[in-house]
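The points below are meant for a colleague who opens this model without having seen it before. Please read them beside the sequence and the structure, which follow here.

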Amino acid sequence: MAATANTKNCILVLEHDAEAMLCSAEKLNQQEYIVCKCGGSIEQVRSAYRQYPHSVLIADVDNDITVALLNELVLCPESSQLPVICCSDVLDDAAFSRVGSFQPFAWLPSSCPVNVVDCTVCSACSYSRMGAHSMAAIEQCQLIAHNIPECVVILDEAWRVYFANEHLGQLVGASDPLEGCHVNTLLDAETLVRLQAVCSTLSVNSKQSFQGYIVTFQDEMVPVWLSVSKVASNNNLLCVMTNLEENLQAEAALREAEAKYRALYLNAAEGMFRIEESGHIIEANPAFNRILGFEVLDWASNSTSHNFSDQFVTTDDFLKLMKQVQTVGRQSKFSAQLVRRDGATIWGEISAHWSIDPKNQIPYVEGILSDVTERRRVELDLQRRATRDCLTGVFSRGSFYEKLSSILTTARYENSIFAVLYLDLNDFKNVNDTHGHHCGDIVIKELVGRISAQIRESDVFGRIGGDEFCIVLENVRAACDVDAVIRKIHSVVDAPIRINDEKLVSVGLSVGVAMYPEDGDTPEVLLQRADHAMYLEKRS
């Protein structure tokens, strides 16, 4: 029965012959108890207790000092954990009557055999250890009670608070400890009656729960959920109370958040959707229905199956979107052409992410759909304006040069032949001077339309200046093919052009040709050679 540092097994032995007691302590020393001598005053006992908290303290005192020390121990906080053995030469009713309410662990006569003393001391050590373990368990329970979010209170048989944790004191607004208060100061009358009725039928190791109200010191009613159990050892009641006001506030906040989200979901300008991996639509908001031309549907209860993939002009776009979401977890601003229910084509921008239903662990994709048709139209218009001549719609000078450079790179790689035609309108200045620039624009647009009809869609047509144009004829087999195209162009240009109901004008056309790779292998050289050839034809 070795003493350990985590048990408060301190024993106090009051003996008028301490030297004899110390001589008989050999057995206790063998069992690893520290046996030491201390003074007989209350201050000396308390000092030795704090210095040797796991020891057998032996004080050399007579009967009168023993009685006085026992009476002083009543007021000592350490006395509840300090078993005391009194060895006295006088054991009679008169000696016992002199001791107050403090009860020693044992009274032994001075003539008691050594083995009896040793056995008594060992029993006191065991008792002290049991008390220490009990105190440790109580401290652990109190620690738990003070750290859980619920309010915990233990009521004795007189319905007074034996223990209350800090949360209960904070809830009721108590500035002093609640121990000793009657329960009717904490509960409203109806709750108290209910509690008493529950306790009358409550058995040991059973629990009953009900809703009631705590009354704070400011006379406020706080709804709580009470769980009541009976403590078997002393018939006390354990009440654990959950503050329902906090729960109700949290539920109200949750409902408010859900209502805000629902309003946002129903009134958003963007379409919101949730689909399965296969594309089957699980849920969608009204904006999604509006964008794709569906009626306002409750997708969760709709018997008709709709697949999001069916709304893509190209199924590959849907597969690319899903692959990106499944691989990376999300996809932002994915652009694709979509088909509305009425057959109209729109441009959609989709942002989606991967998620898993927490209830059944089924994966799904949810995202946002925006109709960007108008934005796309504006972007394409801006792109066209940046690369096309605003009057005729053919490539602008810079864009034509980029196209020519690209065709040249391809021709070098494929060893193919192409021709560069440099076109200049004859007498166009006279049209502007005679009929005005508005009529000149009409002539330019008409001639560009006629020329465009004589070349292939793959050929590149660009406006280099006011009345100067260039054409790239790709993959020509011989110069005779180029001559045939030039003849067709001359035939349509030479025909008169009506600029209004009364006026017809005619303009001529000079064309110069440069062949790749015969006449040059850079854009600059080819344009220069074609321009020079056009100039020679104009002079002739």
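1. A definition comes before the rest: contact, or touching, means heavy atoms within 4.5 Å. The structure is a predicted model, in which local features need pLDDT of at least 70 and side-chain atom pairs count only at pLDDT 80 or more, while totals for chains, interfaces and linings use all residues. Residues are numbered from 1 along each chain as its sequence is written, and side-chain values use heavy atoms, with hydrogens and water left out.

2. On the overall make-up, the secondary structure of the protein comes to 17 helices and 21 strands, where helices (H or I, at least four residues) and strands (E, at least two) are DSSP runs numbered from the N terminus. Of the 540 residues of the protein, 41% count as buried; buried means under 20% relative accessible area, exposed means over 50%, and partly exposed lies in between, with a 1.4 Å probe and protein chains only. Among the contacts in the protein with a separation of 6 or more, 54% are between residues 24 or more positions apart.

3. Asn-243 is found in strand β10 (residues 237–243). Is Asn-243 buried or exposed? Asn-243 is buried, because its relative accessible area is 13%. The side chain of Asn-243 reaches the backbone nitrogen of Glu-245 at 2.9 Å, and Asn-243 touches Leu-171, Val-222, Pro-223 and Val-224, not counting residues up to four places away in sequence.

4. A further open sheet is formed by five strands in the order β12-β11-β15-β14-β13, with antiparallel pairing. Its edge strands are β12 (281–284) and β13, each of which pairs on one side only, and the twist averages 30° from one strand to the next. Helix α11 (residues 315–328) packs on this sheet, touching β11 (271–275), β13, β14 and β15 (363–371), and its direction makes about 165° with that of β13.

5. Strand β13 is joined to strand β14 (residues 345–356) by eight bridges, and the two run antiparallel; Ala-336 stands opposite Gly-348 in β14. Lys-333 is placed in strand β13 (residues 330–339), and its phi is near 50°, a positive value in a residue other than glycine. Lys-333 is exposed, with a relative accessible area of 60%.

6. Two packed helices are described by the angle between their axes and the distance between the axes. Helix α14 (residues 428–435) and helix α15 (residues 437–452) pack at an angle of about 140°, with their axes 7 Å apart. That makes α14 oblique to α15, given that angles under 35 degrees count as roughly parallel, over 145 as roughly antiparallel, 65 to 115 as roughly perpendicular and the rest as oblique. The contact is made by Phe-428, Val-431, Asn-432 and His-435 of α14 and by His-437, Cys-439, Gly-440, Val-443 and Ile-444 of α15.

7. A last point for checking concerns a peptide bond: the one from Tyr-516 to Pro-517 is cis, with omega near 5°. Pro-517 lies in the loop between β21 (508–516) and α17 (523–539).

Notes
A polar contact is a pair of N or O atoms within 3.5 Å; within protein, one must be able to donate a hydrogen and the other to accept it, and residues adjacent in sequence count only if both atoms are side-chain atoms. Axes are lines fitted to C-alpha atoms, for helices over the stretch in contact, and angles run from 0 to 180 degrees between N-to-C directions. Two strands pair if DSSP finds at least two bridges between them.
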